[in-house]
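Morning, everyone. Please have a look at it first.

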Amino acid sequence: MKTYLLLSQCDTCHKPTIEGYCIDDGAEHYCSDKCLHDQMTDEEFQEMSGEDGTSYISNWYEDSMTYKSF
Ligand SMILES: [Zn+2]
């Protein structure tokens with residue numbers, strides 16, 4: 001049995017990424033602090049990842065099927 005990994009793409013540098021920042025439940029991905037900070041500040045990310053947050057730091061090794069391939 002083969003396992004296929006579906007990578008997501010960093011929305012800043014457009015490199016394939018399998019861990020990093022997941023914004024708005026997967027609408028956007030950023031592979032590193034640098035790429036995140038290109039789009040928003042740490043404070044903005046903290047707000048988005050708060051109580052009702054849909055943003056988090058994650059990897060999607062296990063869950064890769066739910067992410068789009070490209
Ligand atoms: Zn990046």
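First, the ground rules. This is a predicted model, in which local features need pLDDT of at least 70 and side-chain atom pairs count only at pLDDT 80 or more, while totals for chains, interfaces and linings use all residues. Residues are numbered from 1 along each chain as its sequence is written.

Now the sheet. What is the strand order? It is an open sheet of three strands, β4-β3-β5, with antiparallel pairing. Because β4 and β5 stand at the edges with a single partner strand each, one side of each has no neighbour in the sheet. On average, neighbouring strands here are turned by 40 degrees against each other, direction ignored. For that angle, axes are lines fitted to C-alpha atoms, for helices over the stretch in contact, and angles run from 0 to 180 degrees between N-to-C directions. Strands are DSSP runs of E, at least two residues, numbered from the N terminus, and two of them pair if DSSP finds at least two bridges between them.

Take the pairings in turn. β3 and β5, the latter being residues 56–59, run antiparallel and are joined by four bridges. Cys 22 has Tyr 56 as its bridge partner in β5, and Glu 19 has Asn 59.

The loop containing Asp 24 runs between β3 (19–23) and β4 (28–30).

Asp 24 is not a glycine, yet its phi is positive. Is Asp 24 buried or exposed? Asp 24 counts as exposed, because it has 10 C-beta neighbours inside 10 Å. The cut-offs are 20 or more other C-beta atoms within 10 Å for buried, 12 or fewer for exposed, and partly exposed in between, with C-beta atoms placed from the backbone.

The second case is His 14, also not a glycine, with a positive phi of about 65 degrees. Where does His 14 lie? It sits in the loop between β1 (8–9) and β2 (16–17). His 14 is exposed too, with 11 other C-beta atoms within 10 Å.
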